[in-house]
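This report describes selected side-chain interactions and local helix features. The sequence and coordinates are shown below.

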Amino acid sequence: MDDKRTGRPRLRWIAGCAALLAVALTGGSVALGGARDGTGVSAAAAPGAATSPALLRGGDLDGSVKALQAGLRAQPRDFTGWATLGLAYVEQARTTADPSRYPEAAQALRRSLALRPGNDAALAGRAALAAARHDFAGALADADRALTGNPYSERALCSRIDALVELGRYDEAARAADTADARRPGVPVFTRYAYVRELRGDVATARRVLEQALAAATAPGDVAYVATQLGQLAWNQGDHAGALRHYARALTADDGYLPALEGRARAQAALGDGAAAIRGLEQVVARAPLPGPLVALGELYEDRGDRARARAQYALVDAWTKLARANGVDADLDTALAAADHGDRAAALRAARAEWARRRTVHTEDALAWALHVNGRDAEALPHARRALTTGYRNAVFLYHLGMIERAAGHRAEGDAHLRAALRLNSGFSPLGARAARAEVTR
């Protein structure tokens with residue numbers, strides 16, 4: 001049973017948690033580096049969905065995929081095998097930053113459902129695929145269908161929380177997290193529980209839940225994942241040294257864990273070690289050229305005056321966006337955030353409006369506000385920037401955006417107050433953004 005007095009989910013069974021399947025919500029990893037989304041600026045980092053321990057046995061995803069493929073050649077009517085293969089393809093797309101795996105995932109999941117219509121494993125896999133493509137309404141629908149057949153499906157319970165968060169339905173997401181905790185307590189549920197709390201401004205509970213989960217975790221993948229979540233939480237609150245300690249714990253468990261490598265680089269940059277940060281991010285983008293680390297690396301290059309290299313990183317974001325869209329991924333949030341600061345501002349506004357029409361989250365509202373601002377529409381931007389902070393979410397990027405918009409709209413005192421608040425909360429939220437904030441408040 002949950003401890004309702006403290007808001008802590010139950011921690012039994014955690015030692016046997018399955019490996020994590022992190023859904024590729026890369027909109028959370030773009031631009032200024034402020035949000036606890038796994039990695040970046042103004043969007044959420046949805047925590048990873050759970051998968052079968054057999055899927056990532058030994059940590060060798062490629063080997064597991066080959067084994068699944070071989071098994072299915074021998075037993076082509078194994079509907080569970082097809083569902084697991086589909087989920088593995090989703091994970092491959094995330095870890096390699098190659099969205100061309102998504103059509104293969106869809107095909108494998110369709111095969112599973114053709115063999116056994118309505119099976120919960122395939123429906124839960126389809127929910128994870130929809131979330132990876134940023135189709136959160138579709139993810140919610142498939143998660144609900146899977147839960148109708150199996151109310152205890154860990155993948156479906158986790159995908160349901162993710163979808164509700166990314167649709168901006170935060171009260172429902174909190175209830176879904178409570179339900180998931182009651183049915184399938186474990187690392188995947190606890191990390192989501194913590195994130196829902198953080199979005200509501202309850203950082204203390206989020207930290208306590210993650211610390212409890214980390215203390216009980218034994219599998220290297222679980223340790224790396226939860227320690228990284230703690231690092232991101234610390235980063236978002238401006239505790240850069242604390243973030244480094246958590247990332248070190250994660251990398252001790254898995255020295256190639258990309259979110260921890262990226263987080264460590266961001267913390268190093270905030271602490272003034274730009275050279276180490278650049279080396280770290282270069283290592284990350286060599287393996288996974290996603291928008292978040294690409295823009296973060298570009299900003300570090302730009303901060304040291306190397307504009308040519310910075311432009312090359314921003315151009316790669318455009319290339320990734322085109323590839324993602326060609327494979328069914330809604331990349332409008334990525335486009336809006338990256339282009340607003342480093343690309344076509346008109347395109348940024350079009351993308352932000354399109355994303356806002358699909359889902360009303362604090363992250364899409366902040367992105368729309370910023371896109372309106374860079375296009376000179378500050379009176380229209382201001383209410384969006386203010387509403388982005390109404391859940392209590394503590395995010396330096398949101399505060400920075402609001403402060404800059406308020407100043408541009410003629411509210412200098414309020415704007416300066418919010419810029420100072422951004423710097424107090426997380427002085428290293430972005431090398432370029434922090435410098436701009438300091439310049440404004442000292443005028």
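Glu440 is located in helix 22, which covers residues 431–441. The model discussed here is a predicted one. With a relative accessible area of 12%, Glu440 falls under the 20% limit and is therefore buried. Apart from residues up to four places away in sequence, Glu440 touches Met404, Arg407, Asp416 and Leu419.

## Salt bridges

In total, the structure contains 25 salt bridges. One of them joins the side chains of Glu104 and Arg101, with an N to O distance of 3.0 Å. Both residues belong to helix 3 (residues 101–115), where a separation of three residues places Glu104 and Arg101 about one turn of the helix apart. Glu104 has 32% relative accessibility and counts as partly exposed. Arg101 also counts as partly exposed, at 23% relative accessibility.

A further salt bridge is formed by the side chains of Asp171 and Arg200, at 2.5 Å from N to O. This pair connects distant parts of the chain, 29 residues apart: Asp171 lies in helix 7 (residues 170–183), while Arg200 lies in the loop between helix 8 (187–199) and helix 9 (203–216). Arg200 is partly exposed, its relative accessibility being 41%.

Arg387 and Glu365 also form a salt bridge, in which the closest N and O atoms are 2.9 Å apart. Here too the pair links distant parts of the chain, with Arg387 in helix 19 (residues 378–387) and Glu365 in helix 18 (residues 362–374), 22 residues apart. The two partners fall into separate accessibility classes: Arg387 is partly exposed, with a relative accessible area of 39%, whereas Glu365 is buried, with a relative accessible area of 7%. Elsewhere, salt bridges that share partners unite Glu166, Arg325, Asp332, Glu355, Arg358 and Arg359 in one network.

## Helix 18

What span should helix 18 have at 1.5 Å a residue? Its 13 residues should span 18 Å, and the end C-alpha atoms of helix 18 are 19 Å apart, which agrees. The expected value is 1.5 Å times one less than the number of residues. Helix 18 is mostly covered, since 13 of its 13 residues have a relative accessible area under 20% and so count as buried.

At the N-terminal end, helix 18 is capped by Thr361, which has a side-chain oxygen 3.2 Å from the backbone nitrogen of His363. Gly376 follows helix 18 and has a positive phi, near 80 degrees.

## Aromatic pairs

The structure has three aromatic pairs. In one of them, the ring centres of Trp370 and Tyr400 are 5.6 Å apart and the planes meet at 45 degrees, so the pair is tilted. Because Trp370 lies in helix 18 and Tyr400 in helix 20 (residues 396–408), this pair ties together parts that are 30 residues apart in sequence. Trp370 counts as buried at 5% relative accessibility, and Tyr400 counts as buried at 6%.

Tyr400 also forms a tilted aromatic pair with Phe429, at 5.2 Å centre to centre and 45 degrees between the planes. This second pairing links distant parts of the chain, Tyr400 being in helix 20 and Phe429 in the loop between helix 21 (412–425) and helix 22, 29 residues apart. Tyr400 and Phe429 are both buried. Through these ring pairs, Trp370, Tyr400 and Phe429 are linked into a cluster.

## His246 in helix 11

His246 is part of helix 11, which runs over residues 240–253.

Leaving aside neighbours within four places in sequence, His246 is in contact with Ala227, Leu230, Gly231 and Ala234. For Ala234, which is twelve residues from His246 along the chain, the C-alpha to C-alpha separation is 8.5 Å.

Key: Residues are numbered from 1 along each chain as its sequence is written. This is a predicted model: local features need pLDDT of at least 70, side-chain atom pairs count only at pLDDT 80 or more; totals for chains, interfaces and linings use all residues. Side-chain values use heavy atoms; hydrogens and water are left out. A salt bridge is a side-chain nitrogen of Lys or Arg within 4 Å of a carboxyl oxygen of Asp or Glu. Helices (H or I, at least four residues) and strands (E, at least two) are DSSP runs, numbered from the N terminus. Buried means under 20% relative accessible area, exposed over 50%, partly exposed in between (1.4 Å probe, protein chains only). A polar contact is a pair of N or O atoms within 3.5 Å; within protein, one must be able to donate a hydrogen and the other to accept it, and residues adjacent in sequence count only if both atoms are side-chain atoms. Contact means heavy atoms within 4.5 Å. Rings of Phe, Tyr and Trp (its six-membered ring) pair if their centres lie within 6.5 Å; planes under 30 degrees apart count as stacked, over 60 as edge-to-face and the rest as tilted.
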